[in-house]
Amino acid sequence: MSVSSHRRFPVNHLGSTKSNERLQNSYEYPSVPLCSANDVQLRFLCPDDLEEVRTLCQDWFPIDYPLSWYVDITSSTRFFALAAIYNFSIIGLIVAEIKSYSKLNKEDRGILPESMGRDAEIGYILSLGVHRKYRQNGIGSLLLDSLINHLTTAERHKVKALFLHVLTTNRTAILFYERRGFVLHSFLPYYYSIRGKCKDGFTYVSYINGGHSPWILVLANSNCRWTLPVDLRPYADGVQMGMLPYDRTIQPSAGRIDQMGDGAGMLLCQDKQTVND
């Protein structure tokens with residue numbers, strides 16, 4: 001999908017900002033606890049689900065997808081389109097696809113080191129939504145776990161990361177993904193166009209099957225960690241943009257703090273697992 005099509009038909013997660021605002025009023029949309037998680041069944045979408053899925057997405061998300069999108073996700077094997085079923089109705093949905101890393105849009109190619117990305121594949125979550133009545137029941141996690149389990153099988157060992165785009169205003173989705181171990185990769189100014197208005201987005205990433213970020217930026221005296229879409233080369237007089245082969249190691253124990261203009265510092269680390277929380 002091209003950048004322009006992303007901007008016309010943005011991906012959505014767990015419901016729109018509008019839906020989330022409604023959800024804050026528990027008297028208007030109270031959460032309905034499920035009797036048992038065993039009562040929820042998972043199955044892939046089929047063509048007969050098109051109208052039901054279309055109705056749900058129009059309620060959950062702030063944009064109108066074209067009919068062709070619904071046809072694709074309910075009939076094409078290209079998509080991992082899984083539904084959560086409760087009382088014979090769809091109450092949750094996740095749609096994802098596997099892409100060749102070399103065919104990603106330019107703004108997404110910094111997710112993996114160049115050396116790893118040449119032959120790698122990557123999972124992309126297009127949409128994740130849960131009926132507002134049934135949120136807070138673990139349905140979103142159930143769907144996401146199913147996707148991750150699918151991508152971490154032996155035959156999917158080339159899939160090194162799972163990523164998504166999300167509106168910066170969709171705090172419910174952002175907190176959900178952060179709790180599930182996704183990390184902020186990049187800020188996408190004016191990435192979306194929704195009803196004629198430009199909206200900013202974030203890219204969030206989770207690494208699987210031995211995948212890893214090119215670099216980590218840690219702000220000194222802070223708990224903030226940022227994965228960077230560009231390589232950095234440390235110079236004696238500070239940090240400048242440049243290309244640095246991933247196999248050149250910078251040990252966290254030997255990492256140095258470089259002062260920035262506002263007095264903050266940043267520490268270069270090669271592996272996010274080495275950064276203390």
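The following dialogue examines how terms are applied to one predicted chain.

Mentor: The model is predicted, with residues numbered from 1 along each chain as its sequence is written. Local features need pLDDT of at least 70 and side-chain atom pairs pLDDT 80 or more, while totals for chains, interfaces and linings use all residues; side-chain values use heavy atoms, with hydrogens and water left out.

Trainee: How many helices and strands does the secondary structure of the chain come to?

Mentor: There are seven helices and 14 strands. Helices are DSSP runs of H or I with at least four residues, strands are runs of E with at least two, and both are numbered from the N terminus.

Trainee: Why is Pro214 called buried?

Mentor: Buried means under 20% relative accessible area, exposed over 50%, and partly exposed in between, with a 1.4 Å probe and protein chains only. Pro214 has 3% relative accessibility, so Pro214 counts as buried. This residue lies in the loop between β8 and β9 (215-219). Its C-alpha atom is 8.2 Å from that of Glu114, although the two residues are 100 apart along the chain. Of the 277 residues of the chain, 47% count as buried.

Trainee: Which strand does β7 join, and over how many bridges?

Mentor: Strand β7 (residues 183-194) is joined to β8 by eight bridges, in the antiparallel sense. One of the bridge pairs is Ile194 with Lys197. The two strands form a hairpin with two residues between them, and Arg195 in the turn has a positive phi of about 50°.

Trainee: What makes the unit of β5, helix α6 and β6 right-handed?

Mentor: A crossover is right-handed if, with the strands pointing away from the viewer, the path from the first strand over the helix to the second runs clockwise. The β-α-β unit of β5, α6 (residues 139-151) and β6 is right-handed, so its path runs clockwise in that view. Strand β5 (residues 121-130) pairs with β6 in the parallel sense over four bridges, with Ile125 and Leu164 as bridge partners.

Trainee: How do you know that the buried residues of α7 line one face of the helix?

Mentor: In helix α7 (residues 171-179) the buried residues are Ala173, Ile174, Phe176 and Tyr177. They fall within an arc of 165° seen down the axis, so they line one face. The arc is that of the directions from the helix axis to the C-beta atoms. After α7 comes Gly181, with a positive phi near 90°.

Trainee: Why are the buried residues of α4 placed on the same side?

Mentor: Helix α4 (residues 67-75) has Trp69, Tyr70, Ile73 and Thr74 as its buried residues. Their arc around the axis is only 120°, which puts them on the same side of α4. In general, an α-helix has 3.6 residues a turn, so residues three or four places apart point the same way. The cover over the buried residues of α4 includes α3 (50-60), β3 (79-86), β4 (89-100) and β5.

Terms used. Two strands pair if DSSP finds at least two bridges between them. Contact means heavy atoms within 4.5 Å.
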